[in-house]
Amino acid sequence: MTTIPLEHALMLAAILFALGVAGVLMRRNIVFVLMSLEIVLNATGLAFVAAGMRWGEPDGQVMFVFVLTLAAAEVTVALALMLQAVKHYGTLDLDILRRMRN
Amino acid sequence: MELLLWLIPLLPLAGFLVLAVAGARLPKAGVAVVGAGSVGLAALTAALLAALFYNAGSDPVIARLGPWFRAGDLSADFTLYLDQLAVIMTLVITGVGFLIHAFSTEFMADEADYRRYFAYLNLFVAAMLMLVLADNLVLLFLGWEGVGLCSYLLIGYWHRDPANGYAARKAFVVTRIGDVALLLGLFLLFVELGEFSIQPLLAGAPLYFESGAARMELIAFLILGGAVGKSAQLPLQVWLPDAMAGPSPVSALIHAATMVTAGVYLIARLHPLFELAPVAQMMVALVGLATLLVAAWAALSQRDIKRILAYSTISQIGYMFLALGVGAWGAAIFHLVTHAFFKALLFLGAGRVIEHMHHEHDIFRMGGLRRVMPFTFGVFLAGAASLAAVPWLTAGFYSKDQILLAAAGAPELGTLLFAGGVIGALMTAFYSFRLVFTVFFGEPVTQEREHAGWRIQAPLALLGVLSIAGGLIPLPLEQVFPDHHASHALGLVLLAAGVALAGIALAWWTHGRRRPTGETANWPLWRRGLDRWQASGLGFDAVYGVLVETPFNTTARALRGEIVDRAVALVIAVNQGLNALTARLQNGRIRHYALGVVLGVLALLIPVVWL
Amino acid sequence: MTLMALIALPLLAAPLVWWLGRDNPGRAGVLALIAVLADLALALTLFTAGGDAEPWLQRWQVDWIPRFGIQILLAVDGLGLLMVLLTLGLGAAAILASLSEIRERPGFYYFHMLLAIAGTLGVFLALDLFLFFFFWELMLVPMYFLISVWGHEDRDRAAIKFFIFTQASGLVMLLAILGLVWAHHADSGELTFSYFALLEAGLDPQFAFWLMLGFFLAFTVKLPMVPLHTWLPDAHTQAPTGGSVLLAGVLLKTGGYGLLRFVVPIFPEASAAFAPVALWLGAAGVLYGAVLAFGQEDVKRLVAYSSVSHMGFVLMGVFALNIQAWQGTVLQMLAHGLTTGALFVIAGLIQHHFHTRDMKRLGGLWHRLPRLGVMAMFFAVASLGMPGLANFVGEFLILVGSFRADAVVTAVAALGLIGAAVYSLILIQRVFQGPETETTASGISLDRRERFLLGALAVPVVVLGLVPQPVMDLAAPALAVLESLMPSGVLP
């Protein structure tokens, strides 16, 4: 079995990360922002796993579990908030929800 | 003897303490007994001590009580020093003081706040005695400030009227200007000679300073500054006429007999320093001359009976300064003593007149009081005659004569000083008898007869006798002052005598024979202007108002907003501006926040990657 | 051990008073008073303390953070003892003055009061610089709450201003302390915050000058020195009476104490080099305070500016650098604490009874309250420097001392004595004399506690004015040490 070079994995992670960040910055809909965040988190997770493979250490996978847990918790809370937002304001557009501030 | 010496100032002090602490429980009679009694006892003690002192050959007595404060080479102790000069001053203060206290017990009997009056008066006597008996300059300064405080308290005794409060504050603040000069003089003395005790200072100064040394002149000038403030001499004389807002016995005791002459005492006490400072000493004479002329000139146009006497006091103290300036120390003290007698008498008499006229002060609304107030007229006449220096009969003649002769004999400017003194004497005689003729002669304005108990009559009668015969009392001062050789030209004596009589005759001509109404409305403009200028005391108040008071008030008002605080406000404003700027970043757009985070990370990463 | 107990007693009593007196003003006040009086009794035992090395009366130390050379090092000499007695005496007075005024959250009020007292005691006793800084900060926080919770109408702004000024200057002092410790470490290899060790620090003159400025700044903000004084009028005016008494009477003294204890002995050369500037700053404070006091309409603001003027004399006294001036400084601090404290009590009484501090609306109080009039006259006269009362001795000695150092600046500062007469007497005139106004026409009288309080403050003013020598003798050994530390050629 040929191993995937570390560079490739990191490159992929970087591309995913950039995509995710771009999504967070550009989307107006909360659902897409959230999905983009997931991509960012998974990109870092990928980087951890790849790095763990490279050094033959389990730490990378342990960190990935942490990231997963975090992502799960985050999604739970965020989805709950989204439901409330839809219920109260009838929209998921961030620029409209911004008025919540006042 | 040491114990007796301490008793003298402590008795009135005890009187003050009793009145201040326990006086509320005393009836009026009790207050009178404590108030006058403590000073009376002090007077008796002083008389006894004087007898012992003269018996023992007039050797100085030193009474130590203990240290006050000492730090490093500085020491100021509670020590009293009695010599020939201090004996005379003590006798005058306690003697005249007691008479005025006794007078007050009846004169002020209707006052609601009787106790406060006597408490202040007792405190004053204690402070004044401290001043003249102090062995060191710090203790002297204690008395010096103490009398100033009591003067303030008593001028403002009727404090419901803000005008009285203003007069009181004016007196305190103006004299304090002089006090600061005096204080600086004391510091300079201490720095140069390392000493505050008077006798070692006087002994040490001639060894340390050459005559006319710049520092010595400066010290003498600063001390003169203190004396000028306290004794209401030019240019700090403005407080005394206003000080007449106090009760008349207060004017008699503080603003005629004792406190205002403290400056004369101070210079006489420190005369060896002035002998080392010829310029400063000449300045003393010139200040005296200028003051006696200016004040006498201003007295000519006063209408308020007490203000006439106030300007007269300033003028008479000018004579004392003149004597000091020409080195006739003894003559200055002699005039101080006789002046204490006749001026106290005149103020008490004026108080009687004002009371009889139901608080009328304007002499042109009085007249003919000779018939309804014969007793008061008699003693007032004695006082006025002494003030006018009626030749050979009165005490005032002898003392003023000594001063004029000393001035004539002065090595420098003798003619000028003598001529000025004579012109002053002419004006003095004129304004004294202008007052007498206007108030006591002519048609009576009231038929009400005077009533006076013995506590009023006895002090007035005694002071009357002293005003006439006081010139015969010997004042031995030979151990304190060097001999002074005055001119004894008979011609000068006759000139002085003639001038006094001429002044009285002139007053009879203008105010006795004729009865001016005091109405100025139909006077020509120049005469009204002149009159007003004279009446205002030559406009000093207005000048000081423009030069000192207004700028000070304006500065204080302008600074009230605190310029310094503006700087602080600026710092606050800048911070608030920055805050507003950064607060705008928090606009609720989550994507902007995220962008911020990304940019921040990039900003941190780029240097790491590149460098 | 006594020293530790001295600080610990109010510190421990504070929460107790809070809890026991949370809704009972009388009980809270009395308990706090008892605590302070007990502490005062404890402080008096120090007179009999078996001597440490001259001039120290007692010393106590344990390690705190040995790794950084930080100890709990407490020591007291005559100077410190006088300040401790002043703190406790005025602390008791401040509590007495608060009894009828504080109705809201009394337990919490006295909790802060006791904390502030404990902090101040710590400042006067701590001789480890880290510990000193700790107490320095401890002193501020309760004071901030006293102003911001129980103060008058504009209390928030005043409290924040007070806090920022003192906090910022405290930071500068912390830097200076660290710099000093570091320099000492670099010099001797020993890491310590102990005052006694740092006294010996061999410092580069240039660096020492900057360190000196750091301490100077912190202490003169507290003093306060013009132009760093602007927190004071606001804080004094807005604080409740007890807070004003504590602020004026005690907290300001930490500035003067700090200058005498730290700045001059640790940096004698730098102080001597800086002295001419400091003298002029002091004189400027004397005059500026006097002029501004005269311009005020608010009774408390007037008294606050008179503090600025009086503390200008303290600054001059410290930097005249001779024994007379230092003795005068100590006396002036005590005298100012007593007279200004009493004037704030009087201002508080006026505010309490007539609900205003505006002099335009006051007047003729003497007719209603002759006793209060007499007491106000007494303290006003003391404050303008009447011989025979405490302030005179202090000001006289300071002026003699500074005259030796610089005659011109002394002559300028002496004009402040005229200013003192002007503002003190205008206060009496506008509040107590003249006709009554609508505000003051109501009939009230002082109760026994109020009379006792003012009387108790008046007695030491007279005693210090007439027999200051015992106090001066007590402070003398500490000041003699200062004198011995001055480089030769500085003392005239």
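Trp392(B) sits in the loop between H17 and H18 of chain B, where helices (DSSP runs of H or I, at least four residues) and strands (E, at least two) are numbered from the N terminus. Although not a glycine, Trp392(B) has a positive phi of about 65°. The loop between helix H17 (374-388) and helix H18 (395-408) of chain B also holds Ala389(B), and Ala389(B), not a glycine either, has a positive phi of about 65°. Their surroundings are worth a look. Trp392(B) is exposed, with 10 other C-beta atoms within 10 Å, whereas Ala389(B) is buried, with 30 other C-beta atoms within 10 Å. Here a residue is buried if 20 or more other C-beta atoms lie within 10 Å of its own, exposed if 12 or fewer, and partly exposed in between, with C-beta atoms placed from the backbone.

Before going on, a word on conventions. This is a predicted model, in which local features need pLDDT of at least 70 and side-chain atom pairs count only at pLDDT 80 or more, while totals for chains, interfaces and linings use all residues. Residues are numbered from 1 along each chain as its sequence is written, and chains are lettered from A and ligands numbered from 1 in the order in which they are written.

Now step back to chain B as a whole. It has 25 helices and 2 strands, and its C-alpha trace spans about 115 × 65 × 60 Å along its principal axes. Of the 611 residues of chain B, 55% count as buried. Two residues are in contact if their C-beta atoms, placed from the backbone, lie within 7 Å. Among contacts in chain B between residues at least 6 apart in sequence, 81% join residues at least 24 apart. Helix H11 (residues 262-269) of chain B is mostly covered, with 8 of its 8 residues buried; among them are Tyr265(B) and Arg269(B).

What lies at the centre of the packing? A nonpolar core is a set of buried Ala, Val, Leu, Ile, Met, Phe, Trp, Tyr and Cys residues joined through C-beta atoms within 7 Å. The largest one has 428 residues, and Ala344(B) and Leu114(C) touch the most other members. Helix H13 (residues 323-354) of chain C gives the most to this core, with 18 residues. Leaving out residues up to four places away in sequence, Ala344(B) touches Val96(B), Ile100(B), Ala252(B), Leu253(B), Ala256(B), Ala257(B) and Leu463(B). A second, separate core of 12 residues includes Val21(A), Ala43(A), Ala47(A) and Ala50(A).

Let's follow H13 into chain C. Helix H10 (residues 241-266) of chain C packs with H13(C) at an angle of about 170°, the axes being 8 Å apart; axes are lines fitted to C-alpha atoms, for helices over the stretch in contact, and angles run from 0 to 180 degrees between N-to-C directions. That makes H10(C) roughly antiparallel to H13(C), since angles under 35 degrees count as roughly parallel, over 145 as roughly antiparallel, 65 to 115 as roughly perpendicular and the rest as oblique. The contact of H10(C) with H13(C) has 8 nonpolar, 9 polar and 1 charged residues. In these classes Ala, Val, Leu, Ile, Met, Phe, Trp, Tyr, Cys and Pro count as nonpolar, Asp, Glu, Lys and Arg as charged, and the others, Gly among them, as polar.

Helix H9 (residues 231-238) of chain C has 8 of its 8 residues buried, so it is largely enclosed by the rest of the structure. Its buried residues pack against helix H5 (129-150), helix H6 (155-188), H10 and helix H12 (299-320) of chain C. In the loop between helix H8 (205-222) and H9 of chain C you will find Pro224(C), which a cis peptide bond joins to Leu223(C), with omega about -5°. Pro227(C) also has its place in the loop between H8 and H9, and the peptide bond from Val226(C) to Pro227(C) is cis, with omega near 10°.

Finally, the chains meet. Between chains B and A, 7 residues of chain B are in contact with 7 residues of chain A. Chain A and chain C do not touch, and their nearest C-alpha atoms are 27 Å apart.
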